[in-house]
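Here is a brief report on a structure. Please keep the sequence and the 3D view open while reading.

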Amino acid sequence: MNILVLIRLTLRELSSKATMYILAGISTVVLLGVALAVSVTSSADGETLMLFGQQVSPPVPAADLARVVQQMQAGLAGGLFTGIILFGVFATAGVIPDMLERGTVDLYLSKPISRWQLLLGKYTGAVTAIAINILYFLAGAWLVFGLKCGVWEPTLLTSSLTMIFMFAALYALVVFFATWTRSTAATIILTYLYLFILGGILQNREFSLYLISENTIYRTIVDGFYYLFPQISAMQENAAKQIMGLEMDWKPFLQSFLSGSVFLLAAAVILKRRDF
Amino acid sequence: MPALQCEHLSKVYRGGFRKKGEVQALQDLSLAVETGQIFSLLGPNGAGKTTFVKILLSITHPTSGRAFVLDRPITEPRVRRKVGYLPENHRFPGYLTGQQVLTSFGSLSGVRGPALRSHIDSLLTLVGMQEWRDVKVRKYSKGMMQRLGLAQALVNDPAIVFLDEPTDGVDPVGRKEIRDVLRNLRNEGKTIFLNSHLLSEVELVSDRVAILDKGKLLKVGTVQELTTTEESYHIGYEGSIPEALRTEAAARVLDIVISSEGIVARVSDAASLNALIDLLRKHKVLITSVGQQRNTLEESFISLIKREIPE
């Protein structure tokens with residue numbers, strides 16, 4: 001029950017911030033833009049998907065229109081994916097540092113709640129807030145494509161689960177940085193450093209870090225680091241595959257789940273040992 | 001049953017990265033506070049008062065020693081169901097109203113439903129914040145935050161309440177009201193643990209007082225015990241005391257101050273006191289009262305702390 005109270009408090013905290021409204025506002029503007037821009041025209045050659053009056057693809061038989069629309073949905077979801085990473089992290093990075101501020105943390109810790117519950121409640125609250133935004137956008141997009149193109153494939157809706165899972169795994173890393181540094185700015189910088197620099201280097205380690213040494217131990221350590229972090233790019237590919245109805249690779253799910261668990265556990269250990 | 005008990009508590013803050021040295025915040029502190037008392041902890045800045053309270057609430061971990069609150073180890077979260085806490089410089093989330101603060105923190109303490117709602121009503125009335133209940137706390141003044149903080153500390157109907165500087169930023173009328181609240185809570189059988197640097201206030205409400213300095217417990221006792229100076233006596237008199245008698249009296253005691261308000265004499269034993277009284281009587285000085293000299297709590301506190309400072 002205490003965790004539910006913490007989730008409610010976190011949602012209230014995030015809903016009091018302009019960033020969450022900006023995120024919802026951007027989603028709304030994009031959805032309206034898509035609603036105005038997308039259309040389907042029928043001709044003797046088949047169905048043509050149009051974007052701002054321009055052909056997106058050559059005319060296809062009516063039965064194949066869903067595939068073309070799903071490709072566009074995958075592209076849109078890719079944009080959402082990047083948006084979640086950039087804006088979602090920015091909007092929620094302060095949840096843990098704010099809780100750990102002197103004068104606030106004392107109030108929480110004096111309640112009959114363990115520290116790991118506190119962390120889990122705040123973590124779940126922040127993930128729930130972003131999940132609501134993801135669902136809002138994808139449900140809106142699904143509705144727009146359904147109404148405008150007549151394509152009601154549920155894959156866009158189900159891909160929300162993959163995206164929420166991806167953010168949950170990434171947010172475990174954010175929570176770890178936040179618990180360790182107790183600073184919103186440092187948390188954002190470290191997360192972005194991982195996402196834009198370290199993550200890329202690790203993913204392309206064969207062409208970068210492997211070149212430093214051929215030592216097996218060194219390369220094993222490098223591989224260990226790669227698998228320690230959530231598999232963001234692989235998850236993004238999975239989301240696109242899911243939307244297009246293709247078979248997904250489940251390994252990144254497992255790796256990201258383990259990575260998220262490790263970082264949450266590490267954050268809980270840091271929090272448990274810390275004096276306030 | 002003691003409401004709280006600690007045995008040989010010590011706390012050392014280790015120096016972090018690039019920070020040299022350690023800080024010994026508490027040194028082998030053992031203490032027991034009986035149920036139904038207002039117990040105050042006094043000490044200069046950095047004495048370890050807040051660290052001590054934070055250890056009792058598991059906000060800070062002790063380096064060694066153990067402590068019990070309401071007969072349970074402090075490490076058990078459920079013990080805090082019956083504990084209230086008002087931290088110094090507390091910060092409530094600014095996006096909540098006063099009522100939402102009490103609802104949220106009450107819920108976290110395990111109190112929910114209609115019982116919580118009616119309790120919040122009575123608490124807001126108690127601390128004089130009824131008309132501010134729907135205003136966001138970011139608009140509250142310091143004094144209003146303290147009043148809400150006190151209500152928050154009482155929202156779970158605790159058996160023991162820890163209050164760190166509860167009257168900080170509160171006006172004199174408000175301070176009197178808070179003192180009355182504390183007395184009423186004691187009368188209901190609750191234990192109040194008070195951290196305050198306002199010695200005059202502590203003196204007005206406390207049943208027992210402990211003095212802490214540099215992490216060491218210097219003295220524990222009732223206000224009367226701490227303010228009574230055993231070797232000093234006040235002698236009331238009428239009439240005048242000639243210079244020769246003053247000189248003779250000074251020779252019989254360790255120290256003497258004679259004024260129109262009375263004589264304050266520091267003596268080595270009861271025989272010296274009697275010798276002084278005999279001398280005064282022999283010179284026909286009319287003695288109207290004899291009693292042990294009492295200091296204010298502030299005087300006793302300063303005297304005790306000064307004794308601890310090496311020359």
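## Basis

This is a predicted model, in which local features need pLDDT of at least 70, side-chain atom pairs count only at pLDDT 80 or more, and totals for chains, interfaces and linings use all residues. Residues are numbered from 1 along each chain as its sequence is written, chains are lettered from A and ligands numbered from 1 in the order in which they are written, and side-chain values use heavy atoms, with hydrogens and water left out.

## Chain A

Chain A has 11 helices and three strands. Both are DSSP runs numbered from the N terminus: helices are H or I with at least four residues, strands E with at least two. The order from the N terminus is α-α-β-β-β-α-α-α-α-α-α-α-α-α. The C-alpha trace spans about 75 × 50 × 30 Å along its principal axes.

## Helices α3 and α10

In chain A, α3 (residues 65–92) packs on α10 (residues 232–243) at about 150 degrees, with the axes 8 Å apart. Axes are lines fitted to C-alpha atoms over the stretch in contact, and angles run from 0 to 180 degrees between N-to-C directions. The angle therefore makes α3(A) roughly antiparallel to α10(A), a label for angles over 145 degrees.

Contact means heavy atoms within 4.5 Å. On α3(A) the contacting residues include A:Gln70, A:Ala77 and A:Phe81; on α10(A) they include A:Met235 and A:Ile243. By class, this contact has nine nonpolar, five polar and no charged residues. Nonpolar here means Ala, Val, Leu, Ile, Met, Phe, Trp, Tyr, Cys and Pro; charged means Asp, Glu, Lys and Arg; the others, Gly among them, are polar.

## Helices α6 and α7

Helix α6 (residues 115–149) of chain A packs on α7 (residues 155–181) of chain A, also at about 150 degrees. Their axes lie 9 Å apart. So α6(A) is roughly antiparallel to α7(A). Their contact has 22 nonpolar, three polar and no charged residues.

## Interface of chains A and B

On chain B, 28 residues contact 28 residues of chain A. The two chains bury about 2,600 Å² between them, 56% of it on carbon and sulfur atoms. Buried area is the accessible area (1.4 Å probe) that two parts lose on being put together, summed over both. B:Arg91, B:Tyr95 and B:Leu108 supply 29% of the area that chain B buries against chain A, more than any other three residues.

Three salt bridges link the chains. Each has a side-chain nitrogen of Lys or Arg within 4 Å of a carboxyl oxygen of Asp or Glu. B:Lys11 and A:Asp275 form a salt bridge at 2.4 Å, N to O.

Definitions and conventions: Parallel < 35°, antiparallel > 145°, perpendicular 65-115°, else oblique.
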